[in-house]
Amino acid sequence: MHPDWSRKRLARELCQRWQWRNAQGRLKDFAARSLLLKLEARGRLILPPLREQYRTRRWESAPPSSPPRVAAARIEGPLARLQPLRWNLALPGSGEESCLHEHLCRHHYLGLRVVGENLKYLVQSCDGQDLACLLFGAAAWQSAARDQFVGWSPTQRAEGLGQVVNNARFLILPWVRVLGLASHILSGVVRRLREDWQGKYGHPVWLVETFVDRERFAGTAYRAANWQWVGQTQGRGRQGPDPRVRSTSIKEVFVLPLHPHFRQRLQAGGVGSASGKEGA
């Protein structure tokens with residue numbers, strides 16, 4: 001009916017017709033775009049050609065080919081010398097966000113990809129030196145180890161998954177060599193994550209998850225920060241495209257509850273079912 005519409009326009013129209021909004025009333029156009037792409041991949045529809053200006057977002061491009069803006073000095077010594085750490089919430093368009101994007105594109109093996117609700121932190125020393133980057137975003141749609149740990153049904157998972165967040169990226173900058181820093185940061189971020197998420201998106205989160213590539217890392221920092229190991233993935237990716245085909249590496253699954261009654265809240269359903277500050 002509308003062959004001139006862009007993919008973005010189609011996604012927004014879908015959200016408006018379905019009243020697909022987040023807790024703050026904003027259209028969930030990123031989620032709709034993801035749905036349309038999956039339907040196209042399964043041969044259920046054909047989307048209009050991708051317009052050039054939307055082909056690659058600037059933070060999802062290849063790692064920068066230019067040298068860093070400032071040569072980094074090696075940071076070593078005891079953790080106490082860096083404290084108190086500065087926790088910078090990297091807001092859209094801010095200098096902190098620009099630095100975080102560059103660090104992740106340049107130094108993280110997965111680069112940077114952001115879709116939907118997310119929080120980004122740029123962690124600095126007390127004197128303003130960049131130390132680490134963290135990105136939290138949407139939880140994996142399926143994870144047998146996590147789902148068994150929560151104890152919810154597929155219906156409960158579909159309704160409550162928005163109250164689980166995924167630590168999608170955690171990067172200690174390569175010139176930083178400080179014993180205990182990684183676990184200290186992981187312990188510190190969860191003390192602010194719930195409040196920051198509630199403030200930005202208007203709904204609570206009760207559980208945080210992460211997936212550690214066992215071929216690259218041992219998950220030592222997560223264990224030291226009291227995250228719980230609950231099992232392994234089956235190598236089918238975040239969305240589990242085909243249970244018969246291994247499509248990615250095996251990951252170790254770690255979780256950290258953000259509330260003592262997290263199971264009851266996740267099993268209760270949608271994001272509007274409880275206040276983010278209740279029981280804090």
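Modeller: One term to begin with: a nonpolar core is a set of buried Ala, Val, Leu, Ile, Met, Phe, Trp, Tyr and Cys residues joined through side-chain atoms within 4.5 Å. Buried means under 20% relative accessible area, exposed over 50%, and partly exposed in between, with a 1.4 Å probe and protein chains only. This is a predicted model: local features need pLDDT of at least 70, side-chain atom pairs count only at pLDDT 80 or more, and totals for chains, interfaces and linings use all residues. Residues are numbered from 1 along each chain as its sequence is written, and side-chain values use heavy atoms, with hydrogens and water left out.
Biologist: Which residues have the most contacts inside the largest nonpolar core?
Modeller: Leu-134, Phe-136, Ile-185, Leu-193, Val-208 and Trp-227, in a core of 45 residues. Contact here means heavy atoms within 4.5 Å.
Biologist: Which element gives the largest share of this core?
Modeller: Helix H6 (181-201), with eight residues. Helices (H or I, at least four residues) and strands (E, at least two) are DSSP runs, numbered from the N terminus.
Biologist: What is Phe-136 in contact with, leaving aside its neighbours within four places in sequence?
Modeller: Its partners include Tyr-121, Val-165, Val-189, Leu-193, Trp-197 and Val-208. Asn-118, Asn-166 and Asn-167 are also among them.
Biologist: And the chain as a whole, how many helices and strands?
Modeller: Eight helices and nine strands. The chain has 280 residues, and 44% of them count as buried.
Biologist: Now the surface. Which residues make the nonpolar patch?
Modeller: Tyr-109, Leu-110 and Phe-217 make a patch of about 290 Å². Like charges are joined within 9 Å, and nonpolar side chains (Val, Leu, Ile, Met, Phe, Trp, Tyr) within 5 Å. Areas come from the Shrake-Rupley method with a 1.4 Å probe; for residues, only the protein chains shown count as cover.
Biologist: Where is Tyr-109 found?
Modeller: Tyr-109 is in the loop between helix H3 (95-107) and strand E3 (119-124). It is partly exposed, at 35% relative accessible area.

How values were computed: Patches are made of residues with over 30% relative accessible area and no salt bridge: like charges are joined within 9 Å, nonpolar side chains (Val, Leu, Ile, Met, Phe, Trp, Tyr) within 5 Å. A salt bridge is a side-chain nitrogen of Lys or Arg within 4 Å of a carboxyl oxygen of Asp or Glu.
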